[in-house]
Amino acid sequence: MAENLDPSLTDADLAAALVRNAGLLALAMRSRGLDALRGTATEKTGVADVVTAADTAAEGYVVEQLLRCRPQDSILGEEGAAHAGTSGRTWVIDPVDGTWNFFSGSTYWCSALALADGAHDAGTSPGTQAPLGAGEPPRHALADAEVLLGAVFQPQEDKLWLGGALQPATLNGRAVAVDARQDVSMLGGVTYIHPGWLAEARAAGPWQEAAQLPATLRMLGSGSCDLGRVAQAELGVWFQHSCPAWDWLPGKGIVRAAGGQTGVVRVNGLDWFVAGPAGAVAAISAALADGALPD
């Protein structure tokens with residue numbers, strides 16, 4: 001069983017311990033066998049969007065520790081956790097980011113969280129992406145919040161990224177910075193788009209405009225792992241639409257602490273989230289806007 005944490009820990013040390021312990025808990029559950037893990041999976045919005053017992057156990061651990069260590073703060077979790085605090089701060093939890101990778105046996109998944117400067121009303125919906133063909137997917141109120149602290153831990157590569165307004169950007173304690181090159185054509189791009197959205201012009205058009213700009217393109221399946229690598233200049237620029245707060249805020253905080261820029265561009269009723277060097281973010285944002293459908 002994962003350890004109880006000391007409430008006297010700094011926010012940064014607490015965040016690091018939470019994502020490390022949550023990630024190791026999920027990994028231990030997966031080590032019992034992929035077939036057993038897949039047997040616990042249930043679909044949320046479709047076959048590519050699932051939750052496993054490891055997701056819920058890892059989130060449960062983080063919530064339990066936060067209620068012990070930071071009871072005055074609010075909590076918002078991907079798997080339904082919600083607590084309204086009084087401090088004006090919110091811990092946003094993604095217990096297993098890259099669940100498809102996780103239950104497929106890949107190492108490219110992580111546990112992530114962010115401490116945001118903004119309150120969460122536990123009585124409101126988290127604002128996840130609407131189904132295909134529905135109205136405009138809402139943007140959660142916390143999407144634009146300042147990230148005091150982001151933490152991402154990739155257990156099978158033992159990589160821990162930290163960074164935010166109150167914390168320099170680091171990988172395993174070593175300072176990192178985004179790629180110094182501003183020209184997007186010199187950078188590797190990383191993105192994700194669900195196959196179903198490629199049949200919808202409102203998403204496919206902007207994505208194709210932006211996807212042509214980088215020197216090369218990757219689609220790896222964990223936004224928080226991607227953004228950690230943007231922060232350390234292993235990847236250049238990242239873009240994706242309709243990100244819930246837990247997929248965006250941890251990496252956003254780390255990238256900004258690493259000297260990068262982040263932005264949200266609304267095109268055809270969809271919010272596109274972009275991160276990387278300032279020049280590349282500007283170029284990707286402009287290309288996305290070029291994909292706007294005629295009125």
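Which cysteine sulfur is closest to the sulfur of C110? The closest is that of C225, at 3.7 Å, which is too far for a bond. The structure accordingly holds 0 disulfides, a disulfide being a pair of cysteine sulfur atoms within 2.5 Å. C110 counts as buried because its relative accessibility is 0%; C243, at 7%, also counts as buried. Buried denotes under 20% relative accessible area, exposed over 50%, and partly exposed the range in between (1.4 Å probe, protein chains only).

The model is predicted, with local features requiring pLDDT of at least 70 and side-chain atom pairs counted only at pLDDT 80 or more, while totals for chains, interfaces and linings use all residues. Residues are numbered from 1 along each chain as its sequence is written, and side-chain values use heavy atoms, leaving out hydrogens and water.

The chain comprises 8 helices and 15 strands, taken as DSSP runs (helices H or I, at least four residues; strands E, at least two) numbered from the N terminus. Of its 295 residues, 54% are buried.

The largest nonpolar core contains 34 residues, among which V92, L142, W238, W248, L249 and V255 touch the most other members. Such a core is a set of buried Ala, Val, Leu, Ile, Met, Phe, Trp, Tyr and Cys residues joined through side-chain atoms within 4.5 Å. Two or more residues each come from β6 (110–117), β7 (146–154), β9 (167–171), α6 (223–231), α7 (245–257) and β15 (270–276). The greatest contribution is that of α7, with 6 residues. A second, separate core of 27 residues includes Y61, C69, L115 and A151.
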